Amino acid sequence: MCNIYETRSTKFNALINFAIILLGCSKISSADSDSCPISRDTVKIVDICPVSEEEWRQAAARKNCTAFANQCSEPDKLVYHCVIDPYVNQLIEVCAYAQNIVLGHCTDYSINGNLIEPNQKTNCKTFTEKPCPDFYRSNETYKYPGCYDLTMKTTTVIYNSKSTSNLEITVTSTISTSTCNMSTNSSINISGEDTTNSVTVIVIAVVFAAFAISIAVIGLGLVLKYVKREKSTLSTDIKPIQNGIFTCSYSINAVI
């Protein structure tokens, strides 16, 4: 008997889920009646979304969607939303028609389609904290903040200078979600050894060139000094005479 009741219960739950899916699909397929043209003008990229009913009410009052409702065919359906974008990398505030979200997806707003819709890239039923049900209304997304966490990325840059010639840069990127925690660390080492070696070679070359020039100058000075001394030693008095013959006179000192 228990097996019979369990089988019937399973079939009943399956029928309920199927009816929910059909209801959601029928709502999605009627995009013309489930969107208002003014919604595109109310789109705003935000850093955070409300995560409680009170915060949601305050944000809705600040957005004041009723001020735009008279431009819609069904004014009562235009309500405040704070949802992810279709690419799951931004949070969007928008005044739009509320939709039924089925199959455990997060809610997003498509600017191209001007429609609140389930995000097929996400599965909020698997969240460890506050998972979403198979069916919920799009203006209740604050109950499932894990969808907002999917867009959050943090980047930390740490500079660690070990010496004047070496610089170590560590970049840490963390993506935090309700379903998974993923951390990526990468280190970039920038070394100044090549630069130091090049400077050393240049300094040695300059010193060697200066030393060579100094030796050349000293050598040249010694040679000039030697030549001058030799000329003074071999110098004589050369006196011309009238007939054009040159004679050399030497000084002779005699002791009588």
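Guide: The protein chain exposes about 17,700 Å², and carbon and sulfur atoms supply 60% of that area, where accessible areas come from the Shrake-Rupley method with a 1.4 Å probe and, for residues, only the protein chains shown count as cover. This is a predicted model, in which local features need pLDDT of at least 70 and side-chain atom pairs count only at pLDDT 80 or more, while totals for chains, interfaces and linings use all residues. Residues are numbered from 1 along each chain as its sequence is written, and side-chain values use heavy atoms, with hydrogens and water left out.

Visitor: How many helices and strands does the secondary structure of the protein chain come to?

Guide: There are 4 helices and 12 strands, helices being DSSP runs of H or I with at least four residues and strands DSSP runs of E with at least two, numbered from the N terminus.

Visitor: Why is Trp56 called buried?

Guide: Buried means under 20% relative accessible area, exposed over 50%, and partly exposed in between, with a 1.4 Å probe and protein chains only. Trp56 has 8% relative accessibility, so Trp56 counts as buried. Of the 256 residues of the protein chain, 27% count as buried.

Visitor: What makes the buried residues of helix 2 line one face?

Guide: In helix 2, residues 53–63, the buried residues are Trp56, Ala59 and Lys63. Seen down the helix axis, these buried residues fall within an arc of 70°, so they line one face of helix 2; the arc is that of the directions from the helix axis to the C-beta atoms. As a general rule, an α-helix has 3.6 residues a turn, so residues three or four places apart point the same way. On the other side of helix 2, Ala61 and Arg62 are exposed.

Visitor: Which elements do the buried residues of helix 2 pack against?

Guide: They pack against strand 1 (44–46), strand 2 (78–84), strand 3 (91–97) and helix 3 (146–149), and contact here means heavy atoms within 4.5 Å.

Visitor: What makes Trp56 and Tyr142 an aromatic pair, and what makes the pair tilted?

Guide: A search of the whole structure finds 3 aromatic pairs. Trp56 and Tyr142 form one that is tilted, at 5.4 Å centre to centre and with 45° between the planes. Rings of Phe, Tyr and Trp (its six-membered ring) pair if their centres lie within 6.5 Å, and planes under 30 degrees apart count as stacked, over 60 as edge-to-face and the rest as tilted, so the label follows from both values. This pair links distant parts of the chain, 86 residues apart, with Trp56 in helix 2 and Tyr142 in the loop between strand 7 (135–137) and helix 3. Tyr142 is also buried, with a relative accessible area of 12%, and Trp56, Tyr80 and Tyr142 form one aromatic cluster.

Visitor: How do you know that Thr42 is buried, and what is Thr42 in contact with?

Guide: Thr42 has a relative accessible area of 4% and is therefore buried. Thr42 lies in the loop between helix 1 (2–29) and strand 1, and, leaving aside its neighbours within four places in sequence, is in contact with Lys63, Phe68, Glu93, Val94 and Cys95. A polar atom of the Thr42 side chain lies 2.7 Å from the backbone oxygen of Ser39.

Visitor: Why is the pairing of Asp134 with Lys125 called a salt bridge?

Guide: A salt bridge is a side-chain nitrogen of Lys or Arg within 4 Å of a carboxyl oxygen of Asp or Glu, and the side chains of Asp134 and Lys125 meet at 3.0 Å, N to O. Asp134 is partly exposed at 29% relative accessibility, and Lys125 is partly exposed with a relative accessible area of 41%. The structure holds 6 salt bridges, among them that of Lys143 with Glu140, at 3.6 Å from N to O. Salt bridges that share partners join Asp34, Glu74 and Lys77 into one network.

Conventions. A polar contact is a pair of N or O atoms within 3.5 Å; within protein, one must be able to donate a hydrogen and the other to accept it, and residues adjacent in sequence count only if both atoms are side-chain atoms.
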